[in-house]
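Me: I have a protein model open and I'd like to talk it through. Can we take it piece by piece?

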Amino acid sequence: MTQRCTWCGDDPLYVAYHDTEWGVPEYDGRALWEKLILDGFQAGLSWITILRKRDAFREAFQGFDPAVIAEWGEDDVARLLGNSGIIRHRGKIEATISNARAYLDLGGARPFADWIWGYVDGKPLVSQRASLPDIPAATPLSTQISKDLKKAGFKFCGPTIVYAWMQACGLVNDHVTGCFRFEQVASAVPPTSPGWERR
């Protein structure tokens, strides 16, 4: 029987997410930004709730295109608050718009990816956690990244949200050691990069 991290339970959607996406290094800056936004929407909720609504989120937020979202105003906030397919939370919706502007201020996809991956020198951190209780909710590094994101103008990016984001995007491999995905993810080869300097 295949052994996997217990947090995904037996929900087919959650299992597929665990088996194919969670922990896989994400080097595309726009995709990193989208996942940070969705992790922000997760605050106070379970990830499976967001996962079930992810397609609706992508449609409502026009493919999570920061250049489009950055131009939105109160009419768009009102439109999204009326969309039952997503999490209708004014603060999180307004944060998505301001986070799009912060992302663009940093220079967009490549600068954002280089900045974030610079914290781990371009290579995922590999944890050696034996069980779910061994995995922390936040770390000193997620706390530092959270502070730096906030300094850059981002919202809904506290240390716990940032650590969940780091796990999801593969900056840290937090599959438990007995999970069949632990070795698969750990052996992933990062793409060639001219450098991962922080900006």
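**A loop residue to start**

Reply: Phenylalanine 156 lies in the loop between helix 8 (140-151) and helix 9. Helices (H or I, at least four residues) and strands (E, at least two) are DSSP runs, numbered from the N terminus. Residues are numbered from 1 along each chain as its sequence is written. This is a predicted model, where local features need pLDDT of at least 70, side-chain atom pairs count only at pLDDT 80 or more, and totals for chains, interfaces and linings use all residues; side-chain values use heavy atoms, with hydrogens and water left out.

Me: What is the phi of phenylalanine 156?

Reply: The phi is positive, about 55 degrees, although phenylalanine 156 is not a glycine.

Me: And how accessible is phenylalanine 156?

Reply: Phenylalanine 156 has a relative accessible area of 32%, so it is partly exposed. The cut-offs: buried is under 20% relative accessible area, exposed is over 50%, and partly exposed is in between (1.4 Å probe, protein chains only).

Me: Where is glutamine 62?

Reply: Glutamine 62 sits in the loop between helix 3 (47-60) and helix 4 (66-69). Glutamine 62 has a positive phi of about 50 degrees, and it is not a glycine. Its relative accessibility is 46%, so glutamine 62 counts as partly exposed.

Me: Switching to the whole chain. How many helices and strands does it have?

Reply: The protein chain has ten helices and two strands. Along the sequence the pattern is α-α-α-α-α-α-α-β-α-α-β-α.

Me: What radius of gyration does the protein chain have?

Reply: The protein chain has 17 Å. A compact globule with 199 residues would be near 16 Å, so the value agrees. The radius is taken over C-alpha atoms, and the globule rule is 2.2 Å times the number of residues to the power 0.38. Along its principal axes, the C-alpha trace spans about 50 × 40 × 25 Å.

Me: What share of the residues is buried?

Reply: Buried residues make up 50% of the 199 residues.

Me: Back to helices. How do helix 2 and helix 9 pack?

Reply: Two packed helices are described by the angle between their axes and the distance between the axes. Helix 2 (residues 29-42) and helix 9 (residues 159-168) pack at about 135 degrees, with axes 9 Å apart. Axes are lines fitted to C-alpha atoms, for helices over the stretch in contact, and angles run from 0 to 180 degrees between N-to-C directions. Helix 2 and helix 9 are therefore oblique to each other. Under 35 degrees counts as roughly parallel, over 145 as roughly antiparallel, 65 to 115 as roughly perpendicular, and the rest as oblique.

Me: Which residues make the contact?

Reply: Helix 2 brings Leu32, Lys35, Leu36, Asp39 and Gly40, and helix 9 brings Ile161, Ala164, Trp165 and Ala168. Contact means heavy atoms within 4.5 Å.

Me: Glutamine 167 is in helix 9 too. Is it buried or exposed?

Reply: Glutamine 167 has a relative accessible area of 11%, so it is buried. Leaving aside neighbours within four places in sequence, glutamine 167 is in contact with Trp22, Gly23, Ile135, Val172 and Asp174.

Me: Last one. Which residues does leucine 13 contact?

Reply: Neighbours within four places in sequence aside, leucine 13 is in contact with Ile48, Leu51 and Arg52. Leucine 13 belongs to helix 1 (residues 12-20). Leucine 13 and leucine 51 are 38 residues apart in sequence and 7.9 Å apart in space, C-alpha to C-alpha.
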